[in-house]
Protein chains: 2
Amino acid sequence: MSLSRKRLKQGLVQVYFGRGKGKTTAAIGQGVRATGHGFKVYMIQFMKGNYKYGEIKTIKKIPNFNLKQFGSPELISEPSKFDKDKGKKALDFAKEIIMSDDYDIVILDEIGVAISMNVITVEPVLELIKNKPDKVELILTGGPNMHPKIKEVADLVTEMKMIKHYYSSQGITARYGIEY
Amino acid sequence: MSLSRKRLKQGLVQVYFGRGKGKTTAAIGQGVRATGHGFKVYMIQFMKGNYKYGEIKTIKKIPNFNLKQFGSPELISEPSKFDKDKGKKALDFAKEIIMSDDYDIVILDEIGVAISMNVITVEPVLELIKNKPDKVELILTGGPNMHPKIKEVADLVTEMKMIKHYYSSQGITARYGIEY
């Protein structure tokens with residue numbers, strides 16, 4: 001790490017959850033904004049083990065924007081040993097990236113879903129938040145819910161509230177280029 | 001326009017508004033996802049006439065992701081003739097881009113703010129939505145509010161609800177790399 005590289009003055013903890021569309025995309029957009037100013041971003045995706053997402057291809061082209069996926073392509077109901085193992089690997093990797101102090105923004109995408117579905121427990125996530133280096137910003141996204149203890153320690157929490165969604169009102173399912 | 005280029009099956013209308021953080025970033029993230037699959041995106045920013053935003057630098061590097069700003073760097077209270085003129089230019093440009101059918105996703109960033117602040121009226125925006133080509137997706141972002149007539153005609157509406165924000169709880173103002 002170069003001592004002269006640009007750093008955030010203060011790294012905070014942002015949380016995005018809710019039933020509405022816009023959680024992962026908001027985290028990606030935040031990464032786009034930060035890399036534009038030369039900050040270094042690492043997005044670690046829990047619960048996503050496939051490469052169909054359009055953002056992966058674009059992010060690869062963006063300097064200082066890194067992405068790594070952990071998890072099964074699909075998780076139906078109960079997590080298997082494989083799912084939990086992937087969850088642990090994702091957490092270990094997140095810890096390594098955060099504690100290295102080499103990245104300004106670390107996005108833990110879908111970590112709220114991983115907690116809700118018992119793929120990981122909330123305690124090590126709270127530890128990570130507590131022990132993160134001062135200048136590292138954390139962004140945690142979830143699904144419909146986020147564990148209350150995480151919301152409590154976060155500096156910013158936005159609920160993406162579903163006012164209307166074509167999924168329920170028009171029966172339109174996930175679209176290529178839009179939802180993935 | 002090449003007849004063989006990839007198109008969305010169906011272009012819908014997405015709306016993001018609310019007091020919480022994550023509206024413009026969600027629109028940017030959506031653009032990142034779509035360009036990854038080869039779709040063409042145009043982001044037209046109302047009410048933003050300066051170049052301090054980090055996303056501008058990154059978006060310039062992303063193939064098929066275009067961005068154009070219209071507006072004053074700062075709008076304090078009442079819109080001036082200059083502001084209204086910029087608003088009209090932004091609308092005219094948006095119409096040209098949308099009706100060309102050359103872009104798959106057109107983002108009208110901060111258009112909700114432009115309407116709320118009387119920089120533009122809602123009627124031409126409703127006309128744009130009504131007359132857009134079938135395969136063009138529109139994404140409209142606003143501020144705390146979005147005009148009810150726009151929410152009514154939209155296919156998807158997410159309210160970014162501010163549950164907690166360091167701005168109000170900790171008095172931390174806009175941060176370089178994070179809010180701009």
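Trainee: Hello! Which elements do the buried residues of α2(B) pack against?
Mentor: This is a predicted model: local features need pLDDT of at least 70, side-chain atom pairs count only at pLDDT 80 or more, and totals for chains, interfaces and linings use all residues. Residues are numbered from 1 along each chain as its sequence is written, while chains are lettered from A and ligands numbered from 1 in the order in which they are written. Helices (H or I, at least four residues) and strands (E, at least two) are DSSP runs, numbered from the N terminus. With contact taken as C-beta atoms, placed from the backbone, within 7 Å, the buried residues of α2(B) pack against α1 (23-36) of chain A together with α1 (23-36) and β3 (65-69) of chain B.

Trainee: And which residues of helix α2 of chain B are buried?
Mentor: A residue is buried if 20 or more other C-beta atoms, placed from the backbone, lie within 10 Å of its own, exposed if 12 or fewer, and partly exposed in between. In this helix, residues 54-61, the buried ones are B:Gly54, B:Glu55, B:Thr58 and B:Ile59.

Trainee: Within what arc do these buried residues of α2(B) fall?
Mentor: Take the directions from the helix axis to the C-beta atoms. The buried residues line one face of the helix, because, seen down the axis of α2(B), they fall within an arc of 120 degrees.

Trainee: Which element gives the largest share of the side of chain A that touches chain B?
Mentor: In total, 49 residues of chain A are in contact with 50 residues of chain B. The elements giving two or more residues to chain A's side are α1, α2 (54-59) and β6 (156-164) of chain A. The largest share, twelve residues, comes from α1(A).

Trainee: Which residue is the bridge partner of A:Thr158 in β6(B)?
Mentor: Two strands pair if DSSP finds at least two bridges between them. Here β6(A) and β6(B), residues 156-164, pair in the antiparallel sense over seven bridges. In β6(B), A:Thr158 has as its bridge partner B:Met162.

Trainee: Which are the edge strands of the sheet?
Mentor: The sheet is open and has twelve strands with mixed pairing, in the order β3(A)-β2(A)-β4(A)-β5(A)-β1(A)-β6(A)-β6(B)-β1(B)-β5(B)-β4(B)-β2(B)-β3(B). The strands that pair on one side only are β3 (65-69) of chain A together with β3 of chain B.

Trainee: Which residue in β6(B) does B:Phe17 stand opposite?
Mentor: Strand β1 (residues 13-17) of chain B runs parallel to β6(B), and four bridges join them. Opposite B:Phe17 stands B:Glu159.

Trainee: One last thing: is A:Asn118 buried or exposed?
Mentor: A:Asn118 lies in the loop between α4 (111-116) and α5 (122-131) of chain A. Its phi is positive, about 60 degrees, although A:Asn118 is not a glycine. Because A:Asn118 has 12 C-beta neighbours inside 10 Å, this residue counts as exposed.

Conventions. Contact = placed C-beta atoms within 7 Å.
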